[in-house]
Amino acid sequence: MFRRALCVGLSALLLAGAYAPTATATGCRSDIAATTRVGSGEFCVLGFCLYKAELWSARPRFSPDAPFALVLYYERSVSAENIISTGISEIERLATQPLPSATVNAWRKEMKQAFGDVSRGDELCGVYLPGQGARFYANGVATSQIDDEAFARAFFGIWLDPRTRAPSLRERLLGGGS
């Protein structure tokens, strides 16, 4: 059970790191002129914290139809394969209907370009670009742009969909909770 929770946490993905806001976070946020931190929270399983997350928006209030950035600061080392496989599993779980295998394979390939192994202190940032897709950064360096809005919505749904496995983190990211 702990292993599954850990994998889900890794999927609630992307990312765990000793939280310390850095200039690199500003870099990915500047991609969308994000000036408002909507919310933040930690993802922990049984007291084992994997990452701190922050949601930034280009608007004063969060809208899923406006550009936003999700920044994850890692507290644990996680392999790229774990990040990708857990992310794909969550995307498939949240899908309203089964995804075609060609779509899943294409998304897995795109994620392999976007995500490498992470270590404690690493930062991953994903930027949602409405009508376009997503751009990803690792420690302030752009790693990938995925021009597929369906992928971007599915990916960020891991944290923002009401059916997320981390509802308290979602609430905090959206500005609620304590």
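**Entry 1: helix 3**

I looked up which residues of helix 3 are buried, and I found Ala80, Ile83, Ile84, Thr86, Gly87, Ile88, Glu90, Ile91 and Leu94. For my own use I note that buried means under 20% relative accessible area, exposed means over 50%, and partly exposed lies in between, with a 1.4 Å probe and protein chains only. Helices are DSSP runs of H or I with at least four residues, strands are runs of E with at least two, and both are numbered from the N terminus. Helix 3 covers residues 80-94, which is 15 residues, and it reaches 21 Å from its first C-alpha to its last, close to the 21 Å expected at 1.5 Å a residue. That expected span is 1.5 Å times one less than the number of residues in the helix.

I must keep in mind that this is a predicted model, in which local features need pLDDT of at least 70, side-chain atom pairs count only at pLDDT 80 or more, and totals for chains, interfaces and linings use all residues. Residues are numbered from 1 along each chain as its sequence is written, and side-chain values use heavy atoms, with hydrogens and water left out.

**Entry 2: the whole protein**

I listed six helices and six strands, and from the N terminus on they run α-α-β-β-β-α-α-β-β-β-α-α. Of the 178 residues, 47% are buried. The protein exposes about 8200 Å², of which carbon and sulfur atoms supply 51%; the areas come from the Shrake-Rupley method with a 1.4 Å probe, and for residues only the protein chains shown count as cover. Among contacts (heavy atoms within 4.5 Å) between residues at least 6 apart in sequence, 65% join residues at least 24 apart.

Two strands pair if DSSP finds at least two bridges between them, and five bridges join strand 5 (residues 133-138) to strand 6. In this pair, phenylalanine 136 stands opposite serine 144.

**Entry 3: the nonpolar cores**

A nonpolar core is a set of buried Ala, Val, Leu, Ile, Met, Phe, Trp, Tyr and Cys residues joined through side-chain atoms within 4.5 Å. The largest one has 38 residues, and Phe115, Phe136, Phe155, Phe156 and Trp159 touch the most other members. Helix 5 gives the most to this core, with seven residues. A second, separate core of ten residues includes Ile32, Ala69, Cys125 and Tyr137.

Is phenylalanine 68 buried or exposed? Phenylalanine 68, in strand 3, counts as buried because its relative accessibility is 3%. Beyond its neighbours within four places in sequence, phenylalanine 68 has contacts that include Ile32, Leu55, Phe62, Val127, Phe156 and Leu160. The C-alpha atoms of phenylalanine 68 and serine 57 are 4.4 Å apart, although eleven residues separate them along the chain.

Isoleucine 146 belongs to strand 6 and is buried, with a relative accessible area of 1%. Among its contacts, leaving aside neighbours within four places, are Glu110, Gln132, Phe136 and Phe151.

Glutamine 113, in helix 4, is exposed, with a relative accessible area of 54%. Leaving aside neighbours within four places in sequence, glutamine 113 is in contact with Thr143 and Ser144.

**Entry 4: positive phi in two loops**

Leucine 46 has a positive phi of about 50° although it is not a glycine; it lies in the loop between strand 1 and strand 2 and counts as exposed, at 65% relative accessibility. Asparagine 139 also has a positive phi of about 50° without being a glycine. Asparagine 139 sits in the loop between strand 5 and strand 6 and is partly exposed, with a relative accessible area of 37%.
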